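Dear colleague,

Here is the structure you were expecting. Please look it over alongside the notes that follow.

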Amino acid sequence: MKLIIAYTRPECLTPIKQALYAKGIYTMSVTNILGSGRGAGFTETYRGVVMEVNLLKKVRLEIGLAEEKVEDAVDAIKTGAHTGKEGDGVIFVQDLPRTIRIRTGEEAL
């Protein structure tokens with residue numbers, strides 16, 4: 001089993017979900033987060049006050065999958081999130097040494 005963690009733009013969530021569904025991948029957790037990447041942020045004036053904005057709205061997807069579906073999921077995320085602009089996001093793939101389904105007690109190693 002593998003755990004895929006992807007950080008991307010909120011507006012890319014729907015295209016990512018559609019690409020994952022097209023590959024038969026339906027299980028995921030999605031969290032709204034704030035984060036910063038390589039960009040240093042920007043300054044903005046709000047009611048005459050200059051504010052530094054360095055934490056931007058992002059979406060974190062977590063998907064636990066069997067190893068044979070990992071490349072399909074990574075391809076779907078890359079397809080759905082790609083705009084060609086800075087801030088498209090990042091994907092991490094980690095090993096899951098043990099997973100347990102709470103309802104049935106079924107384990108996957």
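A pocket here is an open set of grid points with protein on both sides within 12 Å along at least five of seven lines, and a lining residue has an atom within 4 Å of one of those points. Please keep in mind that this is a predicted model.

The second largest pocket

The second largest pocket holds about 340 Å³ of space. Its lining is made up of Met1, Thr27, Met28, Ile63, Gly64, Leu96, Thr99, Ile100, Arg101, Glu106, Glu107 and Ala108. Two or more of the lining residues come from each of β5 (56-65), β7 (99-100) and β8 (107-108). By type, the lining has six nonpolar residues, three polar and three charged.

Helix α2

Which residues of α2 are buried? They are Val70, Ala73, Val74, Ala76, Ile77, Gly80 and Ala81. Viewed down the helix axis, the buried residues of α2 fall within an arc of 160 degrees, so they line one face of the helix. Glu71, Lys78 and Thr79 are exposed and sit on the face of α2 turned away from the buried side. The cover over the buried residues of α2 includes β1 (2-8), α1 (13-22), β5 and β6 (89-95).

Ala6 lies in strand β1. Its relative accessibility is 1%, and because buried means under 20%, Ala6 counts as buried. Leaving aside residues up to four places away in sequence, Ala6 touches Val59, Arg60, Leu61, Ile77, Val90 and Ile91. Ala6 and Val59 are 53 residues apart along the chain, and their C-alpha atoms are separated by 8.0 Å.

Glu62 belongs to strand β5. Is Glu62 buried, partly exposed or exposed? At 27% relative accessibility, Glu62 counts as partly exposed. With residues up to four places away in sequence again left out, Glu62 touches Leu3, Ile4, Ile5, Met28 and Ser29. Met28 is also one of the residues that line the second largest pocket. Glu62 and Gly84 are 22 residues apart along the chain, with 23 Å between their C-alpha atoms.

Regards

Conventions
Residues numbered from 1 in each chain as written. Predicted model: local features only at pLDDT ≥ 70, side-chain atom pairs only at ≥ 80, totals over all residues. Heavy atoms only, no water. 1 Å grid on protein atoms, 1.4 Å probe; cavity = no way out; pocket = protein on both sides within 12 Å on 5 of 7 lines; lining within 4 Å. Points joined across faces, edges and corners; volume = space filled by probe spheres on them. Helix = DSSP H or I, 4+ residues; strand = E, 2+ residues; numbered from the N terminus. Nonpolar A, V, L, I, M, F, W, Y, C, P; charged D, E, K, R; others polar. Buried < 20%, exposed > 50% of the residue type's maximum accessible area, 1.4 Å probe, protein only. Arc of directions from axis to C-beta. Contact = heavy atoms within 4.5 Å.
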